[in-house]
Amino acid sequence: MTAPWVPATLVDARMETPWSRTLVLDAPEARPSLAGQSIDVRLTAEDGYTAQRSYSLASPAGTRPIEITVDKIADGEVSPYLVDQLGVGHMIEVRGPGGRFFTWTPDLPDPVLLVAGGSGVVPLMAMIRTREAAGGTAPMQLLYSVRTPEGLFYRDELDELAARGRIDVRYVFTRTVPAGWPHQAGRITRELLADFAMLPEHDPLVYVCGPTGFVEAAATHLVRLGHNPLRIKTERFGPTG
Amino acid sequence: MGIFSPGFTGRRREHVPDLPPGQYLERGFPVLTTGPTPHIDRRDWQLTLTTETGERRSWNWQQMLDLGPEEISTDIHCVTAWSKLGTTWRGVPLDRFLDGVETHAQYVMAGCYGGYTTNIPLQESLGRAWVAFEYDGRDLEPEHGGPARLLVPHLYFWKSAKWVNSLRLMREDSPGFWEQNGYSMHGDPWREERYW
């Protein structure tokens, strides 16, 4: 029982970074989403050739239009088209949303720890926005690792939520830090997680999303710090060797 | 001009005759796991087989090796639409764990470190399923299921359970983790048995 492909029109778009773009898509026939789900995107060439990829939704659960944020992969086939070429008013096809496991619903009372590597922040942003839309009160933390300050998605929105005390945000820069930043550039460590993250005693629901190596490291640190592996949900992208 | 994605040309087409319907060729080896990777030492590793009458047998690492591993060269197909062709593995055929076991079971439920489960049809998997511990000439990495995973390449790869530590023989079919969460009970990539 696979959902059918349905049309989606690009109604708005904005650049999140010099190489990533949020696409606002009106897809009236797509099913309502849960926070954390992804959608398949299909492109069709003149000769009928098609290419499809899966992208996490960034928009809050159940809302229309839907939003995805696409990171341009230099030698990619689909992402350069979505970032550089697809114009407002143009149509693509989408299927889903799908994925039932890496999801969060705002009725859950448990504290939530979100750990993002790079564009892995996208489905976690859907959770943050879903909580805002619902006026949720479950405590929420976001640890967001990215190479450089220019690479941050949704920075203004996250800073605003943090300033209002809605969410506890910590950025980790692995290559370059902003001027005057109190920490050195470097990867997420066990010490950093121990220092920032909710304690295992609070039994948070944990969502970790990012490149495979990042998720392996972060999830392993969390388990060794005492977090219950059954409370840690992961989504990895990109191949290993 | 087509209705969808105007101006999209796509990459130079690669003709791949061995791909099941809806699959694309992947050169890397993606990792799809719903939780943290368990890190199990081979010295602590154990595999337990339970028959439908409750009879149990267990193997530690050396005892598993003593059953006689073999080389496997096979294509693998993930339900998320990637396939890898010509992968090489080393593992012990499932049949060897069943030598001398009296059973009328038709299915096996594989269980894993970390709690994952998946159901596999027994008869059609004999000679086509292994407990694999090497990939591409090296010890299987933990994120790919090491120290040992099931390898059932004629079915979608969620059936090839990572970190396998139990095999429970069953007379009747019963859904494992993904099978309870929307995936096919069988999962034949050539018939595109992805979802219910």
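**Chain and domain interfaces**

In chain A, the C-alpha centres of domain 1 and domain 2 are 24 Å apart. The domain assignment places domain 1 of chain A at residues 6-98 and domain 2 of chain A at residues 112-237. The model is predicted.

**Domain 1 against domain 2 in chain A**

- The contact between the domains involves 18 residues of domain 1 of chain A and 15 residues of domain 2 of chain A.
- About 1,200 Å² is buried between domain 1 and domain 2 of chain A, and carbon and sulfur atoms account for 62% of that area.
- The rule finds one salt bridge across this domain interface.
- E67(A) and R129(A) form a salt bridge, with 3.9 Å between their closest N and O atoms; this separation falls inside the 4 Å cut-off for a salt bridge.
- Four residue pairs are in polar contact across the interface of domain 1 and domain 2 of chain A, with both residues of each pair at pLDDT 80 or more.
- On the side of domain 1 of chain A that touches domain 2 of chain A, strands β1 (6-17), β2 (20-26) and β5 (66-71) each contribute at least two residues.
- That side of domain 1 of chain A consists of seven nonpolar, seven polar and four charged residues.

**Chain B against chain A: extent**

- Contact between the chains involves 32 residues of chain B and 37 residues of chain A.
- Chain B and chain A together bury about 2,900 Å², with 54% of this area on carbon and sulfur atoms.
- F4(B), F8(B) and P36(B) provide 24% of the area that chain B buries against chain A, which is more than any other three residues supply.

**Chain B against chain A: polar features and make-up**

- Strand β2 (29-30) and helix α3 (177-180) of chain B each give at least two residues to the side of chain B that touches chain A.
- The side of chain B that touches chain A has 13 nonpolar residues, 15 polar residues and four charged residues.

Technical notes:
Residues are numbered from 1 along each chain as its sequence is written. Chains are lettered from A and ligands numbered from 1 in the order in which they are written. This is a predicted model: local features need pLDDT of at least 70, side-chain atom pairs count only at pLDDT 80 or more; totals for chains, interfaces and linings use all residues. Side-chain values use heavy atoms; hydrogens and water are left out. Contact means heavy atoms within 4.5 Å. Buried area is the accessible area (1.4 Å probe) that two parts lose on being put together, summed over both. Helices (H or I, at least four residues) and strands (E, at least two) are DSSP runs, numbered from the N terminus. Ala, Val, Leu, Ile, Met, Phe, Trp, Tyr, Cys and Pro count as nonpolar, Asp, Glu, Lys and Arg as charged, and the others, Gly among them, as polar. Domain bounds come from an automatic or database domain assignment. A salt bridge is a side-chain nitrogen of Lys or Arg within 4 Å of a carboxyl oxygen of Asp or Glu. A polar contact is a pair of N or O atoms within 3.5 Å; within protein, one must be able to donate a hydrogen and the other to accept it, and residues adjacent in sequence count only if both atoms are side-chain atoms.
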